[in-house]
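Biologist: Before we look at any detail, could you show me how to read the features of a model like this one?

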Amino acid sequence: MADDAAEAALRRLWQAGARHDVVTQVMRAYGPEVLGYLLGALRGEGEAADAFSQFTLNLWQASESFRGDSSFRTWAYALARHAVGRIVRERGRRRRHVALPSEIEGIAARVRTETQEHLRTEAKDRLARLREELDPDDQLILTLRVDRGFAWPDVAKVMADDGAADERKVATLRKRFERIKDRLRRRAKELGLG
């Protein structure tokens, strides 16, 4: 669940038109957990670092067009999902460097450094290996619902390309989530993990 105090502070900054401060505070509040998601969703730290740079750039560029119809946390994950999609589509091609505006490069570097050391443990590695077998969208659904405690309407907003969520999308995601859990249970049993 999003921190109500952080969301309220971000909403005030957004309403005041403080774009740089909104981006900085979103990175501080949600950057570490978004990076954690990216590290789990992609092949290795190189792709995750590229996706995090893309996410940061997307956040900066989209800060002018944020409509305010979701939490900033939900918005951040939607942007992260798009960054993962871009990295997956570009696999096999020469990686391009994502140049970040100087105003946000420092905060992105701090989040990367502080988060990566915290996320390395053996149990997390085993779970990460199982999750790597899922496609990126299934990984994101699992991350949002299980790891981050997102409500179903917020999961639907992140997963919707148009940012809209209705009851049909929520019901479809719930069914997909059950299939994901079943697949992971079967796979864990096959591997002798559960």
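Predicted model: local features only at pLDDT ≥ 70, side-chain atom pairs only at ≥ 80, totals over all residues.

Biologist: Which residues have the most contacts inside the largest nonpolar core?

Modeller: That core has 57 residues, and those with the most contacts inside it are Val26, Met27, Leu38 and Phe55. The largest share, eleven residues, comes from α2. Taking Leu38 as a case, and leaving aside residues up to four places away in sequence, its contacts are Ala48, Ala51, Phe52, Ala80 and Val84.

Biologist: How many residues of α4 are buried?

Modeller: In α4, 14 of the 19 residues are buried, so this helix is largely enclosed by the rest of the structure. For α3, 14 of the 19 residues are likewise buried, and therefore α3 is also largely enclosed.

Biologist: What span should α4 have at 1.5 Å a residue?

Modeller: The 19 residues of α4 should span 27 Å, and its end C-alpha atoms are 27 Å apart, which agrees.

Biologist: At what angle do α7 and α9 pack?

Modeller: Two packed helices are described by the angle between their axes and by the distance between those axes. Here α7 and α9 pack at about 100 degrees, with their axes 10 Å apart, which makes α7 roughly perpendicular to α9. By class, their contact has seven nonpolar, no polar and five charged residues; among them are Ile141 and Arg145 in α7, and Phe177 and Arg183 in α9.

Technical notes:
Residues numbered from 1 in each chain as written. Heavy atoms only, no water. Core = buried A, V, L, I, M, F, W, Y, C linked by side-chain atoms within 4.5 Å. Buried < 20%, exposed > 50% of the residue type's maximum accessible area, 1.4 Å probe, protein only. Helix = DSSP H or I, 4+ residues; strand = E, 2+ residues; numbered from the N terminus. Contact = heavy atoms within 4.5 Å. Expected span 1.5 Å × (residues − 1). Axes fitted to C-alpha atoms, helices over the stretch in contact; angles between N-to-C directions. Parallel < 35°, antiparallel > 145°, perpendicular 65-115°, else oblique. Nonpolar A, V, L, I, M, F, W, Y, C, P; charged D, E, K, R; others polar.
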